Amino acid sequence: MSNLLPELHEGHAPITLHLLFRDALEAYDDWGDETDVPLVFHLGMPVPIGLVFDHMRGCTDILPNNMVSAITERLTKPLSSNSALDEMTFSTAARVMCVVIRKRQLQRSGSDIGVFLRRFEKLRAGRADP
């Protein structure tokens, strides 16, 4: 599926990838807890947002300010005013989003395991009681 996305040229992405990245950010915002990783569409084909972010990890283009704020809202650690966020690249943003997606998937799968374990413990406790 990654062959479907246009390649970077010397670290620069075509505008279609910039727009797809924006769509992937919006899809992340709309991601419900009960669903799998959201999809965006490129040339009529569904593409997981994680693939879009991963594909843009090598992009040295500067991220537009409206997207910078969408990325920095997801960071858990405060950053100093001397940071490089004033000129964040798509590469940095893509790396942040790859981590955010993995973290969310782990939390989601962890919560499923937690529910299972709590139910299992209740069943075990119920059998042990006379």
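A: Let's start with Arg 57, which is partly exposed at a relative accessible area of 24%; that class lies between buried, under 20%, and exposed, over 50%, with a 1.4 Å probe and protein chains only. Its salt-bridge partner is Asp 54, with 3.9 Å between the closest N and O atoms. The term asks for a side-chain nitrogen of Lys or Arg within 4 Å of a carboxyl oxygen of Asp or Glu. Asp 54 is partly exposed too, with a relative accessible area of 42%.

Salt bridges that share partners also join Arg 22, Asp 23 and Glu 26 into one network. A word on the source before we go through it: this is a predicted model, in which local features need pLDDT of at least 70 and side-chain atom pairs count only at pLDDT 80 or more, while totals for chains, interfaces and linings use all residues. Residues are numbered from 1 along each chain as its sequence is written, and side-chain values use heavy atoms, leaving out hydrogens and water.

Between Arg 22 and Asp 23, the closest N and O atoms are 3.1 Å apart, and between Arg 22 and Glu 26 they are 3.9 Å apart. Arg 22 and Glu 26 are four residues apart in helix 1, so about one helical turn separates them; helices here are DSSP runs of H or I with at least four residues, strands are runs of E with at least two, and both are numbered from the N terminus. In general, side chains of opposite charge can pair when their charged atoms come close. By this rule, the count comes to three salt bridges.

Now for the buried part. Of the 130 residues of the chain, 33% count as buried. The largest nonpolar core holds 31 residues, and Phe 21, Phe 53 and Leu 63 touch the most other members. Such a core is a set of buried Ala, Val, Leu, Ile, Met, Phe, Trp, Tyr and Cys residues joined through side-chain atoms within 4.5 Å. Two or more residues each come from helix 1 (15-29), helix 2 (49-55), helix 3 (65-72) and helix 4 (90-128). Helix 4 gives the largest share, eight residues.

Which residues does Phe 53 contact, leaving aside neighbours within four places in sequence? With contact meaning heavy atoms within 4.5 Å, the partners are Phe 21, Ala 24, Leu 25, Ala 94, Met 97, Cys 98 and Ile 101.

Ala 93 belongs to helix 4 and counts as buried because its relative accessibility is 0%. Beyond its neighbours within four places in sequence, Ala 93 is in contact with Phe 21, Leu 63, Ile 71 and Met 88. Ala 93 and Met 67 are 26 residues apart in sequence, with 8.7 Å from C-alpha to C-alpha.

Stepping back to the whole chain, its pattern along the sequence is α-β-β-α-α-α, which comes to four helices and two strands. Of the contacts between residues at least 6 apart in sequence, 72% join residues at least 24 apart. The chain exposes about 8600 Å², with carbon and sulfur atoms supplying 56% of it.

Conventions: Accessible areas come from the Shrake-Rupley method with a 1.4 Å probe; for residues, only the protein chains shown count as cover.
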